[in-house]
Amino acid sequence: MKKNKLVFTLLLFINIAFSQTVIKGTVTSEKQEAIPFANIVIKVDSTVIIAYTYSDKNGNYLLKTKKTGKFNLYFSVLGYETQSIPIEITNEPKEIIKNVVLKEKSFELDEVIIQAEKPITIKKDTIIFNAKNFSKGSDQIVEDLLKNIPGITVEGNGTIKVGGKEVEKVMVDGDDLFEKGYKILTKNMPPDQIDKVELLQRYSNNKLLKGVEESDKVALNLVLKDDAKRQWFGNVALGYDITFSNRYSLQGNLMNFGKKNKYYFLTNLNSIGYDATGDINHLIRPFRYGEPASIGDNESAYSVLDLNSFTPNFKASRTNFNNTELASINAIFTLSKKIKLKTLGFFNWDENDFFRNSTQTFKTNNTDFTNTEDFKLRKKKFIGFGKIDLNYDISKTKMLEITTKYNNQEDNNNSNLIFNGESTIENLENINTLFDQKISYTNKFKKNKVFLLTGRYINEKTPQNYSINQFFYQDLFPNNSNSNNIVQLSENKMQFAGFEAHLLDRKQNGNLLELQVGNQYRKDKLHSSFSLKENNNIIETPYQNNTIYVSNDLYFNTKYRLKLNNCGLTGKLDFHQLFNVLENDNISKQQPFFINPEISLDWKINNKNKLLASYKHNTTNAKVLNVFKDYILTGFRSFAKGTGRFNQLNASTAVLNYQLGDWSDKFFANTFILYTKSHDFFSTNSLITQNYSQSNKILIKDREMLNVSSTMDRYIKIISSNLKFTASYSKSNYKNSINNSELRELISTNLNYGLELRSGFSGLFNYHLGTKWSTSKIQSTINNSFTDNPSFLDLSFDFNDKFNVQLQTERYTFGNVDAVNNTYYFADLDAKYRLKKNKLTFSLSGKNLFNTETFKRYSISDISTSTTEYRLLPRYILLKMEYRF
């Protein structure tokens with residue numbers, strides 16, 4: 001508490017130290033009516049602009065400046081005479097009140113009016129942010145610029161959200177290159193050539209659906225400066241660690257966004273832990289399940305085994321020992337007024353090292369033992385991905401879209417594992433091959449009526465080859481005492497084919513009718529063989545799976561939204577006729593029929609209050625990983641088995657969402673409540689021993705889950721800062737069986753809450769601080785709980801147009817770990833000097849300045865507690881040079 005008071009006092013002192021003179025007042029007409037959107041500008045000698053703003057809808061304005069001297073304050077707006085008032089600003093901070101009354105004037109239609117450009121402009125569903133008003137000069141990539149724009153949140157992994165909703169895409173001059181894989185753009189492209197950032201509300205991915213479909217989606221469009229269009233520009237940045245620890249960074253961007261053709265080439269090579277792509281699956285498999293023409297978006301092949309390198313509740317870049325090489329070649333060709341061709345090529349080579357030590361204690365059902373692991377993993381990965389989009393505007397109301405994708409990924413993972421003192425080597429080879437073809441035809445045959453026809457074919461394979469040079473399963477296979485290593489081969493081959501016809505009919509009264517009819521066919525072939533070996537000879541293959549699972553879903557969906565003033569009532573019925581075929585040892589067939597109903601209410605109470613409520617009952621078909629019959633190795637000491645038969649799972653879900661204000665208001669609050677009751681769910685009947693575990697899937701009745709989350713944002717004008725409060729609570733109950741016990745009930749609860757305060761000063765200094773508490777608790781035959789508390793304080797100093805410094809500090813406290821060593825501190829420093837504006841910049845970047853080598857974290861499950869230690873990237877100081885052209 002004392003530390004928190006100290007931080008607040010320090011920030012208050014700094015805020016006072018950098019306080020500014022405030023000029024405010026009201027702009028009215030001679031009729032004593034408020035004049036909105038008047039331009040208020042402080043000038044020197046009638047030419048140099050010091051600061052500017054514009055009046056709000058009530059005619060009020062507010063200006064801040066740190067400049068001193070004699071100036072003129074200009075008031076201007078279309079239809080009124082410009083008025084000038086002399087003012088004098090001294091070194092002593094104060095508040096100056098200047099109210100003005102503007103006289104009306106007549107003007108000729110051909111008169112030219114020059115106005116100061118507004119930082120924010122609203123045009124229907126588009127909010128336009130003037131980039132120069134939000135750039136801090138230290139912005140290196142687009143992601144940095146977006147962080148400065150009010151209402152736009154950029155999360156630690158690069159995900160961009162507006163009002164808690166992730167954006168659909170980030171476009172450049174209206175063209176989209178990466179869809180949901182937009183992080184490749186925002187994490188690499190320099191922002192200095194961006195003129196405006198457009199926030200598109202009620203966005204439609206299909207332009208012919210705009211105004212017809214019911215959409216709450218958002219997207220971003222980056223508008224380039226005029227002098228950046230139709231010419232080549234880009235940057236090259238090179239950095240090397242001056243402590244000679246062999247850390248480096250090389251980044252290059254080359255682009256040309258012409259009116260007819262657009263090109264964007266980028267490369268990123270680094271060994272500093274920087275993730276230049278985000279989750280690449282968002283590029284390869286963009287997920288828009290449930291919206292028009294999204295058939296097949298939720299279909300992919302499965303892998304049965306992975307060597308885990310996950311670091312929970314911690315910044316991933318601190319544990320990412322990488323050597324990344326990335327290249328991407330992208331182009332958009334306008335072949336004619338009606339035809340546009342988009343091509344994308346992406347190549348990524350990566351080597352990652354990961355280090356983890358853990359102690360795991362099991363206590364359940366008269367079973368008590370402790371395992372230790374010293375785990376060192378090296379992952380080598382190659383991804384080659386290509387995509388071609390052909391858009392043909394047959395007419396103003398008809399459009400054909402053809403998308404072809406091919407992906408090839410090869411992973412070679414090797415680990416050195418010391419398990420309970422015994423040295424072990426693991427090897428896992430993964431290959432993923434994907435071919436994806438989609439064709440979509442759209443016909444807007446009337447002003448408010450649209451017909452879509454979509455077809456899609458997907459072929460994907462995921463072969464895996466896993467081996468380990470030790471044999472830990474003597475108790476499981478007592479007759480194979482000569483075995484000294486094992487190998488498992490597995491592969492899932494998936495084929496998907498589907499078509500769908502979709503009609504959207506927006507009535508004149510605003511009601512919306514949707515009809516869908518389609519068929520989705522999916523065929524999975526899952527093969528696995530687990531073999532015991534003596535040296536290089538296979539002596540037994542005790543577990544094998546040769547499962548073929550076919551599911552054909554013939555469906556008809558209806559949806560109607562009834563608009564009643566500010567209220568919308570939506571009813572939905574989905575009819576499904578399945579034709580399932582399962583082949584394990586024999587062939588089984590099933591033809592279930594079910595209906596999924598849903599009802600929802602959206603109510604705009606007024607401009608500040610919105611309410612959304614829904615209820616649905618859903619039946620889903622089991623996947624291939626639920627129905628195989630024999631054991632598969634899923635980890636070096638873990639076996640899993642499916643049910644070996646058909647299953648459909650039933651669940652009911654209720655949602656309540658309340659929103660106070662809008663994301664762009666000074667106060668915004670959003671509360672979300674989700675309740676789910678799974679009438680059927682998959683659980684496990686497990687056998688747990690020190691050297692291995694076996695889990696059989698079983699079908700259990702009645703599981704409940706409750707999630708409550710709330711976010712509140714408040715702009716505090718007196719300190720020019722935004723305060724954000726977040727809180728979430730979840731509780732779920734489920735059942736399982738351990739070591740032949742009776743079904744036991746488990747209750748899991750999680751509570752998270754935190755605060756953030758972020759300044760928006762226009763001067764030298766800005767800050768961003770926050771803290772969060774996360775408590776997890778599991779109740780079963782034993783009770784376990786812990787609380788983690790990460791905090792941060794970021795300071796930025798823009799000394800002038802050439803020199804700026806950013807200091808980022810973090811503090812982590814992990815619960816249930818040694819109280820003396822459960823707190824960790826980190827500091828990162830970035831200093832940039834711009835030798836030549838928009839040309840040459842030198843920077844010095846220091847990471848992990850305290851040189852913290854490891855951190856420990858505590859975790860719990862229903863059967864064990866774990867203390868895990870992770871190795872961190874050591875301190876490095878990168879000297880970097882960037883040249884822009």
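This is a predicted model: local features need pLDDT of at least 70, side-chain atom pairs count only at pLDDT 80 or more; totals for chains, interfaces and linings use all residues.
Biologist: What makes L656, I673, Y675, L706, Y729, L751 and Y753 a nonpolar patch?

Modeller: A patch is made of residues with over 30% relative accessible area and no salt bridge, nonpolar side chains (Val, Leu, Ile, Met, Phe, Trp, Tyr) being joined within 5 Å and like charges within 9 Å. L656, I673, Y675, L706, Y729, L751 and Y753 form such a patch on the surface, with about 530 Å² of accessible area together, where areas come from the Shrake-Rupley method with a 1.4 Å probe and, for residues, only the protein chains shown count as cover.

Biologist: Which residues gather in a patch of negative charge, and why is E33 called partly exposed?

Modeller: The residues of this surface patch are E30, E33, E81 and E104, and they are of a kind that counts as negative, for Asp and Glu are negative, Lys and Arg positive, and His and the chain ends are not counted. E33 has its place in the loop between strand 1 (21-29) and strand 2 (39-44), and its relative accessible area of 45% is why it is partly exposed.

Biologist: Why is the pair of F178 and Y264 called edge-to-face?

Modeller: A pair of aromatic rings is described by the distance of the centres and the angle of the planes. Rings of Phe, Tyr and Trp (its six-membered ring) pair if their centres lie within 6.5 Å, planes under 30 degrees apart counting as stacked, over 60 as edge-to-face and the rest as tilted. By this rule the count comes to 43 aromatic pairs. For F178 and Y264 the centres are 6.4 Å apart and the planes stand at 80 degrees, so the pair is edge-to-face. F178, in the loop between strand 14 (170-172) and helix 3 (183-186), and Y264, in strand 19 (residues 261-270), are 86 residues apart, and the pair thus links distant parts of the chain. Both residues, F178 and Y264, are buried.

Biologist: What makes the aromatic pair of Y263 and F333 edge-to-face, and how do you know that F333 is partly exposed?

Modeller: The rings of Y263 and F333 are 5.7 Å apart centre to centre, with 75 degrees between the planes, which makes the pair edge-to-face. Y263 lies in strand 19 and F333 in strand 20 (residues 321-334), so the pair ties together parts that are 70 residues apart in sequence. F333 has a relative accessible area of 25% and is therefore partly exposed, while Y263 counts as partly exposed at 22% relative accessibility.

Biologist: How do you know that E291 and K217 meet in a salt bridge, and why do E291 and K217 count as buried?

Modeller: A salt bridge needs a side-chain nitrogen of Lys or Arg within 4 Å of a carboxyl oxygen of Asp or Glu, and the side chains of E291 and K217 meet at 3.9 Å, N to O. E291 counts as buried because its relative accessibility is 15%, and K217 because its value is 10%.

Biologist: What makes R561 and D602 a salt bridge, and why do R561 and D602 count as buried or partly exposed?

Modeller: The closest N and O atoms of R561 and D602 are 2.5 Å apart, and the two residues form a salt bridge. The pair links distant parts of the chain, R561 being in strand 29 (residues 537-564) and D602 in strand 32 (residues 593-604), 41 residues apart. R561 counts as buried because its relative accessibility is 9%, whereas D602, with a relative accessible area of 24%, is partly exposed.

Terms used: Residues are numbered from 1 along each chain as its sequence is written. Side-chain values use heavy atoms; hydrogens and water are left out. The place of a charge is taken as NZ of Lys, CZ of Arg, CG of Asp or CD of Glu. Helices (H or I, at least four residues) and strands (E, at least two) are DSSP runs, numbered from the N terminus. Buried means under 20% relative accessible area, exposed over 50%, partly exposed in between (1.4 Å probe, protein chains only).
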